[in-house]
Amino acid sequence: MKQVAVINLVGLSKRVLGKHTPFLSDWIRKKQMATIEPVLPAVTCSVQTTYLTGKWPREHGIVGNGWYFRDECEVKLWKQSNKLVQSDKVWDKAKSMNPDFTCANMFWWYNMYSTVDYSVTPRPQYLADGRKKPDCYSQPADIRDRLQKELGTFPLFDFWGPKTSVKSSIWIAEASKRVYTWYDPTLMLIYLPHLDYGLQKYGPHAPEIYKDLSEIDEVCKNLISYLENKGVKVMLLSEYGITEVNHPISVNKILREMGLLELREEQGTEILDVGASKAFALADHQVAHIYINDHKRIDEIQEKLQNTLGIEKVLDLEGKKEYHINHDRSGELVAIADKDSWFTYYYWLQNDKAPDFARTVDIHKKPGYDPVEMFLDPDKKLMIPRIGLKILKKKLGFRTLMDVISLNPLLIKGSHGRVDLDDDDKAIVAGDNLPDDRIQPTDIHNIILNTISDQTLTKKK
């Protein structure tokens with residue numbers, strides 16, 4: 001078996017390759033490159049799981065970055081247990097082919113309690129006094145301690161939130177080098193998130209992303225050069241490309257106007273009661289699952305959303321089958337935004353009624369994905385001193401709310417999730433012996449296996 005590293009460079013597409021990525025552009029030119037047709041939804045958890053299982057969401061069950069757990073009547077996003085994936089993974093197949101095969105998963109999602117041999121993933125400490133401390137989780141457990149002793153604590157606040165930076169990708173790349181040295185795995189899965197941030201904040205055409213492109217190019221240069229010098233065969237891919245948007249749509253506000261949401265008032269703010277609502281939307285970038293408890297309203301809701309500016313399609317059961325997302329975890333309807341639009345989770349009509357978590361970085365309490373978490377509130381003056389004072393209060397043991405995030409969705413200029421894209425905006429894969437210059441996302445599983453076994457792939461007819 002050949003040693004292989006699959007580097008997942010989130011947000012990479014032909015659109016952003018160029019003069020600001022000299023190493024990557026040159027490296028890809030020397031390899032074969034293919035366009036990857038998108039998964040619906042083209043979001044992290046669904047795409048990664050499709051790559052690793054060779055199955056569609058209707059089979060592996062990962063219908064988004066989260067979904068409505070119907071038996072618990074709760075929305076849960078960014079869960080980490082690999083037990084949620086309902087199909088075998090590429091490492092299971094490789095292990096069955098050769099019992100000496102080993103795999104290290106460095107920050108790809110659903111990384112906890114899986115059957116890989118070595119894993120590292122983000123996992124903050126949630127302390128009883130309300131503090132959230134940066135940390136990571138590993139299996140075996142001592143990997144975490146060894147890595148953080150050598151590299152410092154995993155920079156969680158550079159991984160997500162208004163402080164996001166290249167530091168988290170550098171940490172992951174350096175950690176990957178050490179795990180390779182310590183354990184010599186057959187397959188390494190490495191996740192580098194840096195491009196995701198600026199592209200969502202500013203869009204793919206903004207000059208603000210040039211620095212991000214240069215930074216990740218340097219990270220990749222160091223990591224790929226290291227691996228190739230060790231004789232590791234490198235495959236580079238991305239999950240999705242990010243396209244320019246300018247039109248946020250709050251589907252839950254539409255459902256509220258239809259009298260379908262149930263809200264509770266707590267401390268003067270509104271809390272969405274998803275279990276009691278006749279219908280609600282779980283927003284996930286440019287896709288929204290519409291969960292409908294009152295099935296008599298399905299046709300009415302579909303017609304209303306289909307006639308909403310910015311919504312391109314509303315999939316019913318037959319539509320979900322066509323897009324391979326007809327799984328019990330999906331909403332009764334699935335809305336897809338047009339190319340200029342994306343979905344917010346917002347459901348309140350006045351910002352003074354927004355729940356306290358809305359202005360914080362809290363990926364688990366919000367009933368949908370919130371990219372605005374990358375922006376400090378521009379309407380609040382002296383923000384840095386405010387944050388410093390809040391941090392000081394926390395260190396002194398006082399409870400304080402880190403309510404520093406904007407509620408303005410117009411700040412977001414880039415999104416993803418749709419599948420009807422220009423080729424330049426689709427995910428790409430670069431490596432050796434690819435079967436074609438255009439592949440399905442379910443093909444990645446076998447491409448990895450064949451690369452490990454050093455088989456020459458048959459070009460598709």
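Which strands does helix H11 (residues 298–306) lie across? The helix lies across S16, S17, S18 and strand S19 (333–337), and runs at about 160° to S18. Here a contact means heavy atoms within 4.5 Å. Axes are lines fitted to C-alpha atoms, for helices over the stretch in contact, and angles run from 0 to 180 degrees between N-to-C directions.

## Basis of the model

This is a predicted model, in which local features need pLDDT of at least 70, side-chain atom pairs count only at pLDDT 80 or more, and totals for chains, interfaces and linings use all residues. Residues are numbered from 1 along each chain as its sequence is written, and side-chain values use heavy atoms, with hydrogens and water left out.

Helices (H or I, at least four residues) and strands (E, at least two) are DSSP runs, numbered from the N terminus. Two strands pair if DSSP finds at least two bridges between them.

## The four-stranded sheet

The sheet under H11 includes S16, S17, S18 and S19. This open sheet has the order S16-S17-S19-S18, with antiparallel pairing. Its edge strands, each pairing on one side only, are strand S16 (279–284) and strand S18 (311–315). From one strand to the next, the twist averages 20°.

S16 pairs with strand S17 (residues 287–292) in the antiparallel sense over six bridges. Alanine 283 stands opposite alanine 288 in S17.

## The nine-stranded sheet

A second open sheet has nine strands in the order S9-S6-S5-S10-S1-S11-S22-S2-S23, and its pairing is mixed. Strand S9 (136–139) and strand S23 (438–439) are the edge strands, each with pairing on one side only. Helix H1 (residues 22–29) lies across strand S1 (4–9), S2, strand S11 (233–237) and strand S22 (427–431), and runs at about 115° to S11.

Strand S5 (residues 103–106) has parallel pairing with strand S10 (residues 187–192) over four bridges and with strand S6 (residues 118–122) over three bridges. Cysteine 103 has leucine 187 as its bridge partner in S10, and alanine 104 has tyrosine 118 in S6. In a regular strand the side chains alternate between the two faces of the sheet. In S5, Cys103 and Asn105 point one way, Ala104 and Met106 point the other way, and all are buried. Buried means under 20% relative accessible area, exposed over 50%, and partly exposed in between (1.4 Å probe, protein chains only).

Val90, Trp91 and Ala94 are the buried residues of helix H4 (residues 90–97). Seen down the axis of H4, they fall within an arc of 90°, so they line one face of the helix; the arc is that of the directions from the helix axis to the C-beta atoms. Their cover includes helix H2 (44–53), S5, S10 and helix H14 (444–452).

Lysine 79 is in the loop between strand S4 (74–77) and H4. Its relative accessibility is 36%, so lysine 79 counts as partly exposed. Not counting residues up to four places away in sequence, lysine 79 touches Leu84, Trp109 and Tyr110.

## Helices H7 and H9

Helix H7 (residues 167–183) packs with helix H9 (residues 209–229) at an angle of about 5°, and their axes are 10 Å apart. That makes the two helices roughly parallel, a label for angles under 35 degrees, while over 145 counts as roughly antiparallel, 65 to 115 as roughly perpendicular and the rest as oblique. H7 contributes Ser169, Ile170, Ala173, Lys177, Tyr180 and Thr181 to the contact, and H9 contributes Ile216, Val219, Asn222, Leu223 and Tyr226.
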